[in-house]
Amino acid sequence: MTSLEALFPRSEIRHLTMMLFVPLIIVIGSLGVQAEQVHSPRVANGNLAAHVPHNAYILYKNDQLGGFFGGGTIISDCHIITAAQNIVEFTQWDVGVGSNVFDQLSTITSREATAHPEFDPIISANDIGIITLPGSLEFTSNVFPIALPDLNSQQTELLPLENEEGVILGFGFTSTASMDRSDFLMHTFQRVTADERCQRFYQVEVPQHFCAEDNGPRQSNLCIRDVGAGFATYVRGRLTLTGIASLIRERCDNRNPTGYVRIDYYREWIHNVTQI
C-alpha cells in the first residue's frame, strides 16, 4: 500500500515512522504535503499513505456520464484490475494514477473493459474485471504495476493464507458522514480471517472469496467507494496483489470484515484477458 512495505516489514515501519515515513511523502511524492503522519477516520481509521505506484483511482460512468468512483490496481502498462461491479452497466472509465494526492493524479480515459462473464451482482460472485487502457502507461517511480500470484503455481493453498496480513488503500469515503472522496490516499492493514467467519457475514463461495479485518484497537476498515481497491501481501519477499475489495458494509465505522475476491483463484482468467 505504501512503498515503505517494499523496503521494511511492518514491525520496522512502526519504529521508523517518524524517521522514514515523513520524508518519503516529501521526497518520493514531491507533493508538498504536510510532513506528518496523520491518524484520522479515513479508509475508516487508516493513515496517510506515501506514494503507491500501482494504485489507481477509477471514476466509472454510464452513457449519460453519471456514475461513481472506486479503486483499482495497475497490473501492466495497459491493464487495471478492479471489481466487476465497477464495470458492468458502465461505458467509460477515467483512471487516475501517479500520486497520493487526489488533485495531482494523471488521468487516462478508457472505453474498454471486461467483467468476468459469471459475475453475479446480487451476491457479488466472480466480482472481478479488467479495464484496458487505450495507450501504454509510461513506467516511472510514480507509476508501476504490482506483481500477481504466479500463473500455474504448484502451491497447494491459494493465496492469501489464513491469518496473513495484507495492506489496503483507497481514496474512498473516510467516515460514515463523508459525502466525497478523500483528498489524500489512505492506507491500513488487515489480517485474513477463517473462511467460516467470512461466510457468516457474506453469501460468498470459498475459495473464490476471502475476508480480512483489523482486530487492533483502532479497527481500520475500507469504506464505501473503496470497492475494487487492492489487498496486497508479501509472496516470497515480493509485494503481490492477492485480493480485490468486493464486499464492504455500508457503514464506514462498522466492525465487520471486508470481503475480497481472491486473485489466485482467477489467475488463469486474468491471463486469458491480459496475457499477463
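A salt bridge is taken here as a side-chain nitrogen of Lys or Arg within 4 Å of a carboxyl oxygen of Asp or Glu. The structure is a predicted model, in which local features need pLDDT of at least 70 and side-chain atom pairs count only at pLDDT 80 or more, while totals for chains, interfaces and linings use all residues. Residues are numbered from 1 along each chain as its sequence is written, and side-chain values use heavy atoms, with hydrogens and water left out.

The structure holds five salt bridges. In one of them, the side chains of Glu213 and Arg197 meet at 2.6 Å, N to O. This pair links distant parts of the chain, with Glu213 in strand 11 (residues 209-213) and Arg197 in helix 2 (residues 195-201), 16 residues apart. Helices (H or I, at least four residues) and strands (E, at least two) are DSSP runs, numbered from the N terminus. Glu213 is buried, with a relative accessible area of 9%, whereas Arg197 is partly exposed at 25%. Buried denotes under 20% relative accessible area, exposed over 50%, and partly exposed the range in between (1.4 Å probe, protein chains only).

A salt bridge also joins Arg191 to Glu165, and the closest N and O atoms are 3.4 Å apart. Here too distant parts of the chain are linked: Arg191 belongs to strand 10 (residues 186-192) and Glu165 to strand 9, 26 residues apart. Arg191 is partly exposed, with a relative accessible area of 33%. Glu165 likewise counts as partly exposed, at 24% relative accessibility.

The side chains of Asp150 and Arg238 form a further salt bridge (3.4 Å, N to O). Asp150 sits in the loop between strand 8 and strand 9 (165-170) and Arg238 in strand 13 (residues 238-247), so that the pair links distant parts of the chain, 88 residues apart. The relative accessible area of Asp150 is 34%, which makes this residue partly exposed. Arg238 is partly exposed as well, at 39%.

Aromatic contacts were examined next. A pair of aromatic rings is described by the distance of the centres and the angle of the planes. Rings of Phe, Tyr and Trp (its six-membered ring) are paired if their centres lie within 6.5 Å; planes under 30 degrees apart count as stacked, over 60 as edge-to-face and the rest as tilted. A search of the whole structure finds twelve aromatic pairs. One of them is the edge-to-face pair of Tyr57 and Phe102, with 4.8 Å from centre to centre and 80 degrees between the planes. Because Tyr57 lies in strand 2 (residues 55-61) and Phe102 in the loop between strand 5 and strand 6 (106-110), the pair ties together parts that are 45 residues apart in sequence. Tyr57 is buried, with a relative accessible area of 9%, and Phe102 is buried at 18%. The rings of Phe210 and Phe231 have centres 5.2 Å apart and planes at 70 degrees, so this pair is also edge-to-face. Phe210 lies in strand 11 and Phe231 in strand 12 (residues 230-235), and the pair therefore ties together parts that are 21 residues apart in sequence. Both Phe210 and Phe231 are buried. Tyr57 and Phe102 form one aromatic cluster with Phe69 and Phe171.

Tyr57 is also one of the residues in contact (heavy atoms within 4.5 Å) with Asp94. Asp94 lies in strand 5 (residues 92-97) and counts as buried, at 11% relative accessibility. Its side chain makes a polar contact with the side chain of Lys61 at 2.9 Å. A polar contact is a pair of N or O atoms within 3.5 Å; within protein, one must be able to donate a hydrogen and the other to accept it, and residues adjacent in sequence count only if both atoms are side-chain atoms.

In helix 3 (residues 267-274), the buried residues are Arg267, Trp269, Ile270 and Thr274. Seen down the axis of helix 3, these residues fall within an arc of 160 degrees, so they line one face of the helix. The arc is that of the directions from the helix axis to the C-beta atoms. The buried residues of helix 3 pack against strand 4 (79-82), strand 7 (112-115) and strand 8 (129-132). Exposed residues Glu268 and Asn272 are carried on the face turned away from the buried side. Just after helix 3, Gln275 takes a positive phi of about 65 degrees.

How values were computed:
Lists of a residue's contacts leave out its neighbours within four places in sequence.
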